[in-house]
Structures are given as structure tokens and as C-alpha cells.
Amino acid sequence: MDYMKPFGVDLDLSKGVMKNPATHIVRQASSMRGHYADAAALERLIAAGDPVHYEVAEQPVPDAPGQMRFGISTTLPGTVGGECFMTKGHYHAVPDTAEVYVGLRGQGYLLMKTVEGECLWEEFRPGRVIYVPPFWAHRTVNTGEEPLVSFYVYPGNAGHNYGDIEKQGFPVRVLKRGGKVEFVKTRSK
Ligand code: F6R
Ligand code: ZN
């Protein structure tokens with residue numbers, strides 16, 4: 001049999017980065033249109049320099065059910081019209097696939113929602129493991145003052161479904177006003 005070869009990668013846990021990632025995705029404010037409630041505030045931020053909202057570093061593995069895809073996700077601190085910087089969020093394209101996150105650095109939350117509209121969240125902090133069960137969409141939100149860095153691992157065949165989140169959004173928004181974090185329900189479902 002032609003076996004895939006084992007490999008290792010180095011993480012710098014003090015900085016919360018993966019050394020020499022094969023894939024490095026960078027999402028700036030301009031790729032976040034439609035995700036924040038205050039579209040005008042987002043446009044002002046884009047015009048003022050289009051800052052990075054989050055980055056993902058990965059070592060790709062084959063898209064097969066027995067494989068495990070893993071990497072480091074870094075969401076930067078900041079707000080858009082009071083709403084904390086966040087990732088787009090997604091369901092997995094194969095919806096009955098789970099994911100495990102481990103907080104490495106920074107503070108925030110993993111918002112999770114079902115297709116029926118139930119929305120729950122778990123706190124991110126260094127050393128905290130968050131389990132995302134099958135069928136739950138997930139979005140990282142940075143409520144702190146430094147980058148929020150996490151390690152994640154999920155099945156190689158899971159894929160991503162962003163379209164449904166672009167249509168539905170999340171029923172809860174995370175705001176920071178006067179240094180206080182607030183969870184605001186935007187609809188009952
Ligand atoms: C993979 C996963 C994370 C996110 C990353 C960026 O399934 O959940 O690696 O992909 O935090 O967020 P999205 O993919 O929502 O832009
Ligand atoms: Zn995921």
C-alpha cells in the first residue's frame with residue numbers, strides 16, 4: 001500500500017502562530033461585507049486602511065473522512081460599529097461533522113448556532129477546549145485587546161458551507177461598549 005507519510009509542524013505557543021504553514025488565508029475588512037450590522041461603519045474601516053480581521057494557517061491534508069484537518073485561527077482585536085471583530089462563520093458542508101478548538105491566546109467566544117436558530121456560546125481562553133458538535137455552525141469573536149488564537153481540528157472531508165450563514169447570519173451579535181461585552185439577540189430564532 002502507498003501510505004501517506006506522517007508529519008509534524010511546530011507551533012510557537014508564546015506568539016500563537018504556526019511556523020511555515022503551507023496555506024495562509026488572510027481576511028480583511030473588505031471580505032466581511034454583509035456580516036456586521038453596521039455596514040456604514042465597515043465601509044469607513046475599509047476606506048481607512050482595510051485592516052485584517054482574521055488569519056488561518058493550515059497544513060492541508062487529503063479531503064477524506066479518515067483524515068484530520070488542523071490549523072491555527074487568529075482573530076484580531078477591534079470593533080465595527082461596536083460589534084467585535086469575528087470570523088465569517090460556517091456550517092460544515094458535510095453537516096454531521098464535529099470540530100475541536102483549543103484556546104491558545106487571547107479572549108473571546110465561539111458562537112454556535114443550529115439551522116433552527118438555537119444559538120449558544122463558549123468562552124475562549126488559553127487552555128480552554130471547545131467541542132463543536134455535528135450540525136452546529138460556528139464563528140469566533142474576539143472580545144479582548146490582543147489577538148485571539150486557537151488551534152482547531154476537524155474531519156478531512158467536512159468542507160465549509162458559508163452561503164447559509166451569509167443568508168441567515170447569527171441570531172446573536174457580540175458588542176463591546178465602554179469596555180463591557182454585551183450579547184445582543186437580533187431575533188428570537
Ligand atoms: C474549520 C474552522 C476554522 C475556521 C477559521 C476561519 O472548519 O472552523 O478553521 O475556518 O476560524 O473561520 P471561517 O472559516 O468561518 O472564515
Ligand atoms: Zn469549522
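In this predicted model, a polar side-chain atom of His92 lies 3.2 Å from an oxygen atom of ligand 1, a polar contact being a pair of N or O atoms within 3.5 Å. Glu99 has a side-chain N or O atom 2.8 Å from an oxygen atom of ligand 1, and for Tyr101 that distance is 2.6 Å. On its own, ligand 1 exposes 400 Å², and the protein buries 97% of that (Shrake-Rupley areas, 1.4 Å probe).

His92 and Glu99 turn up again at the zinc ion (ligand 2), where the protein donors are His90 (NE2), His92 (NE2), Glu99 (OE) and His138 (NE2), at 2.0 to 2.3 Å. Donors here are N, O and S atoms within 2.8 Å of the metal (3.2 Å for Na, K and Ca), with water not among the atoms. Along the sequence, the spacing of these residues reads H-x1-H-x6-E-x38-H. The arrangement is octahedral because the six donor atoms subtend angles of 73 to 175°; for six donors, that label needs opposite ones over 155 degrees apart and all others between 65 and 115.

Glu99 has 3% relative accessibility, so Glu99 counts as buried, and so does His90 at 9% (buried means under 20% relative accessible area, 1.4 Å probe, protein chains only).

As for conventions, residues are numbered from 1 along each chain, while chains are lettered from A and ligands numbered from 1 as written. Local features need pLDDT of at least 70, side-chain atom pairs 80 or more, and totals use all residues, with side-chain values based on heavy atoms, leaving out hydrogens and water.

Technical notes:
Tetrahedral: all angles 85-135°; square planar, octahedral: opposite > 155°, others 65-115°. Buried < 20%, exposed > 50% of the residue type's maximum accessible area, 1.4 Å probe, protein only. Polar contact = N/O pair within 3.5 Å; in protein donor to acceptor, adjacent residues only side chain to side chain.
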